[in-house]
Amino acid sequence: MTVHYVDEAGQIPEGQHRMYEIDGKSIGVYNVKGEYYAILNYCPHQGAQLCKGPVCGTTLLSPVYEYEYGKQGEIVRCPWHGWEFDIRTGKSLVEGKSRLRRYAVIHENGKIGIEV
Ligand code: FES
């Protein structure tokens, strides 16, 4: 594993993400409430460029006929078929076994690095 320093931390404001190309991989780095997460720009369902999808929230588990919205800013929704993934864990909210390829993010000395 090699750490690739890609940007200054301030270049990714909270709630935003930026894209980087590293070793032929397209990787999105997301700032979720001050923490950085890196995911491969590839949806495990059918291969869409996942990072083109919106960052949003989702409906939480709740009793029948009650709808509770939460996790605002923690979910990315695939632009093709709408599968939702938790940016922090990489887990699919649609199909339990699907998971995003994630990378460790190094945040030191004001710089953002991705371990690839
Ligand atoms: S390709 Fe992402 S939900 Fe289908």
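Glu21 has Ser26 as its bridge partner in strand β3. That pair belongs to a predicted model, in which local features need pLDDT of at least 70, side-chain atom pairs count only at pLDDT 80 or more, and totals for chains, interfaces and linings use all residues. Residues are numbered from 1 along each chain as its sequence is written. The protein chain holds 9 strands and 0 helices. Helices (H or I, at least four residues) and strands (E, at least two) are DSSP runs, numbered from the N terminus.

**Overall form**
- From the N terminus on, the elements run β-β-β-β-β-β-β-β-β.
- The radius of gyration is 15 Å, close to the 13 Å that the globule rule gives for 116 residues, so the chain is as compact as a globular protein of that length. The radius is taken over C-alpha atoms, and the rule is 2.2 Å times the number of residues to the power 0.38.
- Along the principal axes, the C-alpha atoms fill a box of roughly 50 × 30 × 20 Å.
- Of the 116 residues, 23% count as buried. Buried means 20 or more other C-beta atoms within 10 Å of the residue's own; exposed means 12 or fewer, and partly exposed lies in between, with C-beta atoms placed from the backbone.
- Among contacts between residues at least 6 apart in sequence, 47% join residues at least 24 apart. A contact needs C-beta atoms, placed from the backbone, within 7 Å.

**The sheet of 6 strands**
- This open sheet has the order β1-β9-β8-β4-β3-β2, with antiparallel pairing. Two strands pair if DSSP finds at least two bridges between them.
- β1 (3-8) and β2 stand at the edges with a single partner strand each, so one side of each has no neighbour in the sheet.
- From one strand to the next, the twist averages 30 degrees. Axes are lines fitted to C-alpha atoms, for helices over the stretch in contact, and angles run from 0 to 180 degrees between N-to-C directions.
- β8 (residues 102-108) and β9 (residues 111-115) run antiparallel, joined by 5 bridges. Ala104 stands opposite Glu115 in β9.

**Strand β3 and its two hairpins**
- On one side, β3 pairs with β2 (residues 17-22) in the antiparallel sense over 6 bridges. Their hairpin has 2 residues between the strands, and Asp23 takes a positive phi near 50 degrees.
- β3 is also joined to β4 (residues 35-40) by 6 bridges, again antiparallel. Gly28 has Ile39 as its bridge partner in β4.
- The β3 and β4 hairpin has 2 residues between its strands, and Lys33 in the turn has a positive phi of about 55 degrees.

**The sheet of 3 strands**
- This open sheet has the order β5-β6-β7 and antiparallel pairing.
- Its edge strands are β5 (55-60) and β7 (84-86), each pairing on one side only.
- Here the twist averages 65 degrees from one strand to the next.
- β6 (residues 68-77) pairs with β7 over 3 bridges. Ile75 stands opposite Asp86 in β7.

**The nonpolar core**
- The largest nonpolar core has 22 residues, and those with the most contacts inside it include Val29, Tyr37 and Phe85. Such a core is a set of buried Ala, Val, Leu, Ile, Met, Phe, Trp, Tyr and Cys residues joined through C-beta atoms within 7 Å.
- β3, β4, β6, β8 and β9 each give two or more residues to this core. β3 gives the most, with 4 residues.
- Leaving aside neighbours within four places in sequence, Val29 has contacts that include Ile12, Tyr20, Ala38, Val105 and Ile114.

How values were computed
Contact = placed C-beta atoms within 7 Å.
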